[in-house]
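Subject: Handover of a structure and what was found in it

Dear colleague,

Please find the structure below. I would be grateful if you would read the notes that follow with the structure open beside them.

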Amino acid sequence: MIAGAPAAGKGTQCEKIVKKFGLVHISAGDLLRAEVSSGSEAGKKAESFMSQGYLVPNELVVEMVKNRLSQQDAQESGWLLDGYPRSAEQAEAIQEAGIRPDVFILIDVSDDELVERVTGRRLDPETNTIYHMKFKPPPDAIVHRLVQRSDDTEDKLRNRLATHHKNVEAVVGYYKDMLVEVNGQRSMDEVFAEIGGVLSAFTEDESPAQQR
Ligand code: AP5
């Protein structure tokens, strides 16, 4: 599991983790955005919360994440869960279903830095690559097609941050024995060097079992 404040760099690190370790990336935010794009009733409901920077109600999120985790690719290759759980209730729900991670990574970044990260973020809808106008500038040739998320404003970030600060301690409480806190206020590669190191040590530990 990977957690952290909005725009702390979870998605950025997940891209790198997937490339190196081949896990299946399951992002609660991406699942919800797909539901919104589909135009479903659930998507319409979710959108009203997401556009304000509030958590979507559990009845729309919990089953969606549990279903995705149970799919064959995630079961076979292992999963990387991003943005879930975000409350004690969500942690409880997944615990009751017998789902526990091997490692819980929490990326720490100061609130001031998050404002700059969120307002400069741009997404490439064709490749799903995350860019930043200053910290990870996109190639000139694709700038015209980049999009900015509707919740990526300073105002909405304030709501998202308040929710994060209110809940993070309770969530972390469920995963104390597997918690790894990472200083996210370094370059993307430095952050990944630490996360990759943690996961490599873990997969090396696992390798004898995997070979059997
Ligand atoms: P979600 O999509 O999960 O958004 P979030 O948690 O707010 O996180 P972000 O995707 O904004 O940021 P990130 O940490 O992935 O950062 P990134 O790598 O892009 O959720 C959106 C909404 O959906 C929620 O507000 C809620 O409404 C709903 N939702 C989601 N999950 C839910 C749940 N479980 N329950 C209920 N509702 C839920 O990086 C950000 C920027 O910084 C990028 O531009 C990147 O290039 C740059 N950057 C990254 N790392 C660095 C670095 N080290 N140095 C400099 N720049 C960096």
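Helices (H or I, at least four residues) and strands (E, at least two) are DSSP runs, numbered from the N terminus. In these terms, Thr-129 is found in the loop between S5 and S6.

Some conventions come next. This is a predicted model, in which local features need pLDDT of at least 70 and side-chain atom pairs count only at pLDDT 80 or more, while totals for chains, interfaces and linings use all residues. Residues are numbered from 1 along each chain as its sequence is written, and side-chain values use heavy atoms, with hydrogens and water left out.

Thr-129 counts as buried because its relative accessibility is 17% (buried means under 20% relative accessible area, exposed over 50%, partly exposed in between, with a 1.4 Å probe and protein chains only). Its side chain makes a polar contact of 2.7 Å with the side chain of Thr-127. A polar contact is a pair of N or O atoms within 3.5 Å; within protein, one must be able to donate a hydrogen and the other to accept it, and residues adjacent in sequence count only if both atoms are side-chain atoms. Not counting residues up to four places away in sequence, Thr-129 touches Glu-15, Arg-122, Leu-123, Asp-124 and Lys-136, where contact means heavy atoms within 4.5 Å.

Asn-128 is also placed in the loop between strand S5 (121-123) and S6. Is Asn-128 buried or exposed? Asn-128 is exposed, because its relative accessible area is 62%. Asn-128 is not a glycine, yet its phi is positive, at about 65°.

The ligand and its surroundings

The ligand is surrounded by 34 residues, and the closest are Thr-12, Tyr-54, Arg-86, Arg-121 and Arg-160. A residue is near a molecule or strand if one of its heavy atoms lies within 4 Å of it. By class, this shell has 16 nonpolar, nine polar and nine charged residues. Here Ala, Val, Leu, Ile, Met, Phe, Trp, Tyr, Cys and Pro count as nonpolar, Asp, Glu, Lys and Arg as charged, and the others, Gly among them, as polar.

Which elements supply at least two residues each of the shell? They are helix H1 (10-21), helix H2 (28-38) and strand S6 (130-132). The largest share, four residues, comes from H2.

A polar backbone atom of Tyr-54 is 2.6 Å from an oxygen atom of the ligand, and a backbone N or O atom of Ala-7 lies 2.9 Å from an oxygen atom of the ligand. For Met-188, a polar backbone atom is 3.4 Å from a nitrogen atom of the ligand. The protein covers 96% of the 1,000 Å² of accessible area that the ligand has on its own; accessible areas come from the Shrake-Rupley method with a 1.4 Å probe, and for residues only the protein chains shown count as cover.

Ala-7 is placed in the loop between S1 and H1. Ala-7 counts as buried because its relative accessibility is 13%. Although Ala-7 is not a glycine, its phi is positive, at about 70°. Most residues other than glycine have a negative phi, and most peptide bonds are trans. A cis peptide bond joins Tyr-84 and Pro-85, with omega about 0°. Pro-85 lies in the loop between strand S3 (79-82) and helix H6 (88-96).

Strand S4 and its partners

Four of the five residues of strand S4 (residues 104-108) are buried. S4 runs parallel to strand S1 (residues 2-4), joined by three bridges, and Gly-4 stands opposite Ile-107. Two strands pair if DSSP finds at least two bridges between them. S4 also runs parallel to strand S7 (residues 179-183), joined by five bridges, where Val-180 is the bridge partner of Ile-105.

Two residues in helices

Lys-16 is placed in helix H1 and is partly exposed, because its relative accessible area is 24%. Leaving aside neighbours within four places in sequence, Lys-16 is in contact with Met-188, Asp-189 and Phe-192. Lys-16 and Phe-192 are 176 residues apart in sequence and 7.3 Å apart in space, C-alpha to C-alpha.

Asn-167 lies in helix H8 (residues 154-173). Asn-167 is buried, because its relative accessible area is 14%. Leaving aside neighbours within four places in sequence, Asn-167 is in contact with Leu-55, Arg-86 and Ser-87.

Yours sincerely
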